[in-house]
Amino acid sequence: MKSLNRLRRSLIATAVAAGAMALPFAASAQAPIVIKFSHVVAEQTPKGQGAMKFKELAEKKFPGRVQVQVFPSSQLFGDAKELEALLLGDVQFIAPSLSKFDRYTKKIQVYDLPFLFDNIEAVDRFQSGPQGQALLSAMTNRGLLGLGYWHNGMKQMSTNKDKLTRPEDVKGLKFRIQASDVLEAQFRGLSANPQKMAFAEVYQALQTGVVDGQENTWSNIYSQKFHEVQKTITETNHGVIDYMVVTNVKWWNGLPADIRKGLTEAMTEATAHSNKLALDINLADRKKIADTGKAKIQTLSKDDVAAWRKTMEPVWKKFEADIGRDLIDAALKSNK
Ligand code: LMR
C-alpha cells in the first residue's frame with residue numbers, strides 16, 4: 001500500500017513537472033500576435049481615431065489571437081525613428097504623413113506639390129484610382145507595404161507675424177517643415193528659410209522662436225496648440241497632409257493567411273471610419289481655434305491665391321522628372 005502511494009505520488013509529481021515544462025510551449029502557441037501601432041499625433045485627430053478603430057475591429061475579429069497596442073503622440077517613436085523601427089521589427093504598423101516617404105520612393109512626392117489638389121475629395125479620387133493604388137506597393141522593394149490611405153486634410157500656413165496674405169509676407173521667415181525635399185523647395189521658392197524638424201518638436205520651436213512659422217492641418221494645429229504660439233493662421237489650403245498606413249513586408253507575409261485577410265478587412269473598415277471623420281474634425285478644430293481668439297485667422301482673396309500659386313509653381317517643374325508626368329496628370333484629373 002505504501003509503495004502504491006509512493007508510486008502514485010511520483011506519478012503525480014512527474015505529471016506536474018511535465019505540465020510545468022509543457023506550459024511555456026502551450027502558452028507561446030496561444031500567445032496573441034501583438035501589433036504595435038505607433039504614430040505621432042494626438043488621439044482626437046483623424047489618424048488617432050483611425051488607429052483606435054483599427055484596434056477595436058482587429059481585436060473583435062480575433063479575440064485572444066491579435067492584440068493591437070496603439071502608441072500616439074510620438075510616445076514610442078517620433079518621426080525620425082518610426083520608419084526605421086518598422087523595418088527593424090520594433091513596431092508593426094505606422095502611418096506617417098505622405099511627405100515623410102520621399103527617401104523610399106520619389107513618386108510619392110506628387111502629394112507634396114503645392115496647389116495640386118483642389119480639396120480632400122480630389123485627393124481621395126486620386127488615391128482610389130490606379131496611380132494612387134499603385135503607390136501603396138511602390139516601396140515593397142524597400143521593405144514597406146502600404147495597406148491604405150488615411151486622410152487628415154488641407155494644409156494652412158501660420159506665422160508669428162501680423163500679416164500673412166501675400167507670398168512676400170513670408171520672405172526671410174524660418175519655417176518648420178516635414179522631412180520632404182519638395183516642401184523644402186516650396187519654402188525656398190518663397191525666399192523663406194525651411195527647417196526639417198520632427199513633429200514632436202514643433203510646439204517648442206514655435207514658442208521659443210527657433211522657427212517663425214509652420215504649415216499644417218487645423219486638427220494638428222489645434223491638438224498641438226500651435227495657435228497659442230502663433231499670431232496668424234491663414235487659410236491657404238495650399239497642400240495636403242494625408243497618411244499611408246504601412247507595415248513591414250516580411251512580417252506581414254509571415255502572418256497566417258486568415259489573420260492577414262482579417263486585418264486587411266479591419267483596415268478597410270477603419271480607413272472608411274477615419275476618412276469619414278477627417279473633414280468634420282478639421283472643420284470643428286478650425287472653429288475651436290477661432291473661438292479661443294488666440295491666433296487671428298485670415299483668408300485669401302482670389303488674387304492672393306493666384307500670387308501664391310505663381311510663386312510656388314517652379315516646384316512642379318523641379319520635381320516633375322522624379323515624380324513622372326503621368327502621376328501629375330492623374331492627380332490634376334482628380335480635381336474634376
Ligand atoms: C507633421 O509632421 O507636421 C504631420 O505630418 C504630423 C502628422 O502625422 O500628421
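A: In this predicted model, Lys288 forms a salt bridge with Asp285, and their closest N and O atoms are 3.3 Å apart. Both residues belong to helix α10, where they are three residues apart, about one turn of the helix. The two partners may be described by their accessibility. Asp285 has a relative accessible area of 3% and is buried, whereas Lys288, with 38%, is partly exposed.

Arg325 forms a salt bridge with Asp329, with 3.1 Å between the closest N and O atoms. These residues lie in helix α13, four residues apart, which is again about one turn of the helix. Arg325 is partly exposed, at 35% relative accessibility, and Asp329 is likewise partly exposed, at 36%.

Arg325 also takes part in a helix packing contact. Helix α12 (residues 314-323) packs against helix α13 (residues 325-333) at an angle of about 115 degrees, and their axes are 7 Å apart. The two helices are therefore roughly perpendicular. On the α12 side the contact is made by Trp316, Glu320 and Ile323, and on the α13 side by Arg325, Leu327, Ile328 and Leu332. Five of these residues are nonpolar, two are charged and none is polar.

Lys294 forms a salt bridge with Glu228, the closest N and O atoms being 3.9 Å apart. Lys294 lies in the loop between α10 (257-292) and β11 (296-299), and Glu228 in the loop between α8 (218-223) and β9 (232-235), so this pair ties together parts that are 66 residues apart in sequence. Glu228 is partly exposed, at 36% relative accessibility.

Salt bridges also link Asp181, Glu184, Arg188 and Lys196 in a network. The count for the model comes to 20 salt bridges.

Side chains of opposite charge can pair when their charged atoms come close. Glu82, in helix α3 (residues 79-88), is buried yet has no salt bridge. The nearest side chain of opposite charge is that of Lys47, 5.6 Å away, while a salt bridge requires a nitrogen and a carboxyl oxygen within 4 Å. Leaving aside neighbours within four places in sequence, Glu82 is in contact with Ser38, His39, Val40, Phe77, Val91, Ile94 and Pro96.

Key. Residues are numbered from 1 along each chain as its sequence is written. This is a predicted model: local features need pLDDT of at least 70, side-chain atom pairs count only at pLDDT 80 or more; totals for chains, interfaces and linings use all residues. Side-chain values use heavy atoms; hydrogens and water are left out. Axes are lines fitted to C-alpha atoms, for helices over the stretch in contact, and angles run from 0 to 180 degrees between N-to-C directions. Angles under 35 degrees count as roughly parallel, over 145 as roughly antiparallel, 65 to 115 as roughly perpendicular and the rest as oblique. Contact means heavy atoms within 4.5 Å. Ala, Val, Leu, Ile, Met, Phe, Trp, Tyr, Cys and Pro count as nonpolar, Asp, Glu, Lys and Arg as charged, and the others, Gly among them, as polar. Buried means under 20% relative accessible area, exposed over 50%, partly exposed in between (1.4 Å probe, protein chains only). Lys and Arg count as positive and Asp and Glu as negative; His and the chain ends are not counted.
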